[in-house]
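Grab the coordinates and a notebook, and let's work through a few exercises together. Try each task yourself before reading the solution.

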Amino acid sequence: MNSSFKRFFSKRLGVLLAVPAFALLMAISIYPLIYCAVLSVQDWNFLKAYIPPSFVGIANYLNLFLDPIFANSLQVSMVFTFMAVSIELALGIAVGVLFSNERLKFGKILRSLMLLPMVMTPVIIGLTWKTLLNQKWGIVNYFLSQVGIQSVQWYTSPTEALPTMVLIDVWQWTPFVALVVFATLLSLPREPFEAAAIDGASRLQVFRHVTLPMLRGGIALAVLIRLIDALREFDKIYVLTRGGPGHATDVLSIFGYRTAFFNGYVSYASAISFVLFVVIIVLCTVLLTRLLAKK
Amino acid sequence: MRTAVRPGKQIETFVVNLIALAVTGWFVFPLVWQLLSSIKPAAEVTANPPVFIFEPTLQNWETLLIEKAGISYLINSIIVAAGSAALSLVLGSVAAYGLARFTFRGRDSLALDFLSFRMFPPIVIVIPLFLIFQQLIIKNTYFGLILAHTTFNLPFTIWLLRGFFMEFPLEIEHASLVDGCTRLGFFWRILLPLSGPGLATSAIFSVILSWNEFMFASVISSQETRTFPVFSASLLEHYVADWSQFAAAATVSVIPILIVMLFAQKYMIKGLTYGAIHG
């Protein structure tokens, strides 16, 4: 009995080692996820907990479909994600290539300074920009007034608030794309570049036909990570505008958070969150399959 | 040996360095400005036009850390970050060893399952966790928040350490097994002691991710267990916003990260790019 017990363990040791971690994640991630799905087909407000939850089927999802605030949030999240990630991609490649230039002095120090935004606390980032972009006394409007641009309403105007959130996200995450580009460039073989130089290719041609194709794998994954995180965005926008003015920056996470913790309407909030979850899963699956197919 | 440099090259060197300096300046300026604001007299922080020359004072720091008990929120943040990093490191290193050095059916898909936890939007987890923790009476405790932060720290630790363990030379493991070491003995006596950089990278990242987290902390913590980001955000919530104290809070929250950046840049870069380059 003892020896067969031992054999059972040694044969399955690999899986068994992963069991504690997996069990914990089942309890604190998978179970809550299922709980969220269950809540989303109920009607329950925890501020009125004396009324027990009732099963309502897909009613919450149907209501979402008709809810103009949800439609707005979906749109705001999409616009924010698309604008932020595409600008970060373009600027990140440029900065990454710049920082891999051999003629750069103090490259190491400049690079680590540049990484600060992406490891800073997002709440602090959001509120720091709230300080800098204050309409009345912010330093940015002061500089702009020196060149004749008067008091821009960065986050207090419904039309400018969302682009401002994109600007802040670009400030925070361009270094990430730049870092991935930089690290990938360092790991590339030198031969293709030498061959291109011998063949008399111009620098622009080398960049377009040699560098970019080799960067593609790394960049694609960086973009995927950025897309997931931008869709989940909450902290910076929440502390800066709470989704306002009006609903101008009301991304899905903020709409869900407000519905759950201010209105107590957890079942509806669960439906909102679950839609966000499904959007991210679909996006990841589509992009990853395309990415793997190309490889 | 000096080589002749063409003037064109020199101009290019100058331009490249100038642009790099400007780019770095754009990423660093907000922080520098917060640091300056934090040592300005409170009234001058919101002055228009901005004050560039001033008499430095530590009044804002004192008010923030002592009078408003900022230190106790810093300690809360440290407890939660250390707790979650430790829990993730213990469970994560064991799991990573199993997923890296053993072969079994479904190993790689199990490893990918761990990675896919990263896709979960926190809002999906936070609503149920809030309700579950309330029932278990661990809402508003350090333990609850540590568990909540482990939802993202543990998958990250497993994924990162698995990569490190897979790169570990196979010959050493074979040799130690031949010498009579058990597989667990190899893990404990050889693999872990020789994986310092991997363990350091995961620990640093877990601590930073936890240090920066806001949504779970704002929902699951109470006045007593409130973390520093939640406290910092509350400074600007009142009718009279404490801009000067917020400047001090921003500086305080960046200092630990800055220290890590300076002393462990190599690990930082490895951790930051891990998913994208080795994934």
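Helices (H or I, at least four residues) and strands (E, at least two) are DSSP runs, numbered from the N terminus. This is a predicted model, where local features need pLDDT of at least 70, side-chain atom pairs count only at pLDDT 80 or more, and totals for chains, interfaces and linings use all residues. Residues are numbered from 1 along each chain as its sequence is written, while chains are lettered from A and ligands numbered from 1 in the order in which they are written.

**Exercise 1. Work out why helix α12 of chain B is largely enclosed by the rest of the structure.**

Step 1: count. Seven of the eight residues in this helix (residues 228-235) are buried, so the rest of the structure largely encloses it.

Step 2: name them. The buried ones in α12(B) are F228(B), P229(B), V230(B), F231(B), S232(B), A233(B) and L235(B).

Step 3: see what surrounds them. From chain A, α7 (122-132) and α12 (235-241) pack against the buried residues of α12(B). From chain B, the partners are α4, α10 (196-212), α11 (215-220) and α13 (243-263).

**Exercise 2. Describe the side of chain A that touches chain B.**

Step 1: get the totals. 78 residues of chain A are in contact with 76 residues of chain B.

Step 2: find the main contributor. Helix α2 (residues 13-39) of chain A gives the most to that side of chain A, with 16 residues.

Step 3: sort by class (Ala, Val, Leu, Ile, Met, Phe, Trp, Tyr, Cys and Pro are nonpolar; Asp, Glu, Lys and Arg are charged; the others, Gly among them, are polar). That side of chain A has 59 nonpolar, 13 polar and six charged residues.

**Exercise 3. How does the radius of gyration of chain B relate to that of a compact globule?**

Step 1: apply the rule (2.2 Å times the number of residues to the power 0.38, with the radius taken over C-alpha atoms). For 279 residues a compact globule would come out near 19 Å, but chain B has 24 Å.

Step 2: look at the extents. The C-alpha trace of chain B spans about 75 × 75 × 30 Å along its principal axes.

Step 3: Chain B has 14 helices and zero strands, and buried residues make up 46% of its 279 residues.

**Exercise 4. Where in chain B is confidence lowest, and where highest?**

Step 1: start with the average (pLDDT is the predictor's confidence in each residue, from 0 to 100). Chain B has a mean pLDDT of 85, with 94% of its residues reaching 70 or more.

Step 2: go helix by helix. Confidence is lowest in α14 (residues 265-277) of chain B, at a mean of 65, and highest in α4 (residues 70-101) of chain B, at 93.

Step 3: note the model scores, ipTM 0.88 and pTM 0.89.

Key. Two residues are in contact if their C-beta atoms, placed from the backbone, lie within 7 Å. A residue is buried if 20 or more other C-beta atoms lie within 10 Å of its own, exposed if 12 or fewer, and partly exposed in between; C-beta atoms are placed from the backbone.
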